Amino acid sequence: MLSFPAAAQPKTQTPSSGKPAPQPVSENARYCGNIADAAADARFVLQKEALAKMEGEIEGRIKVLEAKRAEYEVWLKRRQDVLEKADDTVVKIYSGMRPDAAAVQIAAMENEVAAGILAKLKARTSSAILNEMEPARAAQLANAITDAPNRRAKPQEKL
């Protein structure tokens with residue numbers, strides 16, 4: 001236990017009454033007590049502002065996510081439309097044709113119809129047909145099947 005010299009020890013009792021003497025309140029303690037409510041109010045205001053800022057950021061992110069969801073729904077709808085344009089009967093006809101003959105005819109079609117047919121064909125048949133086409137047209141149809149140019153262009157439009 002630490003012991004203080006007699007002069008340095010705080011006095012806890014008054015010699016006449018035997019009761020503990022009231023401890024003097026320091027200026028620091030009084031200052032802290034006086035500003036406690038104001039500090040709590042200031043802390044509350046700061047927290048409220050921080051929460052409002054975070055709420056705004058969350059709302060912004062929700063808007064971005066909703067826009068992305070809408071974009072994907074549009075893309076999915078377009079994809080389904082393309083696949084519907086390729087009638088099953090036509091797909092069966094092209095699956096039975098030689099790749100070089102089918103390539104000439106499919107190359108002359110609109111992108112959406114040609115992409116729909118190629119997407120519904122078996123991968124081996126589609127690749128053989130694309131192999132017989134001129135490279136630029138084959139790449140154009142492959143992009144139409146995957147819808148790659150549209151997916152890349154949309155994020156840039158929003159910026």
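Is lysine 77 buried, partly exposed or exposed, and what is its relative accessible area? Lysine 77 is partly exposed, at 48%. For the terms: buried is under 20% relative accessible area, exposed is over 50%, and partly exposed is in between, with a 1.4 Å probe and protein chains only.

A word on the source. This is a predicted model, where local features need pLDDT of at least 70, side-chain atom pairs count only at pLDDT 80 or more, and totals for chains, interfaces and linings use all residues. Residues are numbered from 1 along each chain as its sequence is written, and side-chain values use heavy atoms, without hydrogens and water.

Now the salt bridges. The whole structure has four (a side-chain nitrogen of Lys or Arg within 4 Å of a carboxyl oxygen of Asp or Glu). Lysine 77 forms one with aspartate 81, at 3.1 Å, N to O. These two are four residues apart in helix H1, so about one helical turn separates them. Helices here are DSSP runs (H or I, at least four residues), numbered from the N terminus. Aspartate 81 is partly exposed too, at 29%.

Next, arginine 69. Its side chain meets glutamate 66 at 2.7 Å, N to O. They sit three residues apart in helix H1, residues 27-85. Arginine 69 has 42% relative accessible area; glutamate 66 has 39%. A network of salt bridges links Glu66, Arg69 and Glu73.

Then aspartate 100 and arginine 98, bridged at 3.3 Å, N to O. Arginine 98 is exposed, at 58%. Aspartate 100 is partly exposed, at 34%.

Last, valine 113, in helix H4, residues 111-120. Its C-alpha atom is 9.6 Å from that of aspartate 81, 32 residues away along the chain.
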